[in-house]
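Open the model in your viewer and keep the selection tool ready. Each stop below says what to select and what is there.

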Amino acid sequence: MIILYSDDHRQQAGRAELNDGRLVPCHERPERAEMVLARARQMALGPLRPPSLLDEAPILRVHDKAYVEFLKTAWDQWVVEHGDWDALPLNWLAPNMHRRVVPESIDGKLGYYSFDAGTPITEGTWRAALAAASCAVTAADLVSSGDRASFALVRPPGHHAGQAFYGGYCFVNNAAVAAQRMLDGGAERIAILDVDYHHGNGTQEIFWERDDVLFVCVHADPRQEFPYYSGHADERGGGRGEGFTLNLPLPWGTDWPAYAEALSIAASRIQEFTPDALVVSLGADTYEGDPISRFRLTMEDFPRIGAMIERIGLPTCFVMEGGYAVDALGVNIVNVLTGFEG
Ligand code: SP5
Ligand code: ZN
């Protein structure tokens, strides 16, 4: 399968995230993509291609204009107000405070548009996020024009980013951009399968009221795990979209048998929806060795995930999300893809 990749991902290299009460080196770092790239080459997974163009129009199909404007300008305003060090939010809204007026100060804006303190904005954040989304767009176009599969090897990841918010290391929702791109290219229905360890709260929010995009997510139970306030089993979509969101939360410690059962329920729901194509939010933070996660999938389980996705039988666009056991990330991500190719 063709691999979409841009070196511009290196433009996002945050210094630190707030974790367990300390500022620690960012888990979401450039080496992640380098490891996957090296393994993809070693396994001859497929030819590398850059995005066909860098264009923010496909991003604006799923994100608010004012939010995108914020992403493009936040760093410059931060530098003016605080100097040349990663921008992290320090305050958020409590219930019954006002979201009506967008603050002018950068600290107000950061809190207004974010939901955690783990996602630094840096000088190159926008350039990296634009390149990632553009890889996802090109990957979507390949599938729309007949390729059985494509792989957007991207970072920063995307599935926590909503119409007008960032967080969870995500700024632009690459998988959502890809899904919307396929619809805009003529598809009637698209399914998104999210197998990252964390709930894809941004993707869910973007397509909550939509019946042309089915969002199915297998993830750690938000009672125990980040993002905590989204991803419960009773969240099923709203309005026309009711029944077109399916959440399959699993407890800490989940291993292959329980995971496979959830994935098989996910696969059945996707087939019942009869979409034109599938977008996979592909995280490998379900791995037993992941430093911030608590599932127990082994290296041997990742090809099985790929094989199960292949059996859904749809043209499939893979978009990379999380996975923080950097030394194993290349093997685990590429294992899903070789498992898919059989
Ligand atoms: C794309 C993606 O996978 N984003 C994940 C963001 C998770 N950020 C919160 C991490 C909290 C980790 N706390 C675990 C502490 C282990 N000592
Ligand atoms: Zn994750």
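Start with the open sheet: eight strands in the order 4-1-5-10-9-6-7-8, with parallel pairing. Now select its edges, strand 4 (48–49) and strand 8 (245–250); each has a single partner strand, so one side of each lacks a neighbour in the sheet. Strands (E, at least two residues) and helices (H or I, at least four) are DSSP runs, numbered from the N terminus. Two strands pair if DSSP finds at least two bridges between them.

This is a predicted model: local features need pLDDT of at least 70, side-chain atom pairs count only at pLDDT 80 or more, and totals for chains, interfaces and linings use all residues. Residues are numbered from 1 along each chain as its sequence is written, while chains are lettered from A and ligands numbered from 1 in the order in which they are written.

Select strand 9. Six of its six residues are buried, so strand 9 is largely enclosed by the rest of the structure. Buried means 20 or more other C-beta atoms within 10 Å of the residue's own; exposed means 12 or fewer, partly exposed is in between, and C-beta atoms are placed from the backbone. Ala-277, Val-279 and Ser-281 cover one side, and Leu-278, Val-280 and Leu-282 the other.

Leu-193 has Val-280 as its bridge partner in strand 9. Look for Ala-152 opposite Val-319.

## Helix 9

Select residues 301–310, helix 9; its buried residues are Asp-301, Phe-302, Ile-305, Gly-306, Met-308 and Ile-309. Seen down the helix axis, they fall within an arc of 165 degrees, so they line one face. The arc is that of the directions from the axis to the C-beta atoms.

## Arg-296

Step back to the loop between strand 9 and helix 9, where Arg-296 lies. Is Arg-296 buried or partly exposed? Arg-296 is partly exposed, because 18 other C-beta atoms lie within 10 Å. Show Asp-285 as well: 11 residues away in sequence, 9.7 Å away in space, C-alpha to C-alpha.
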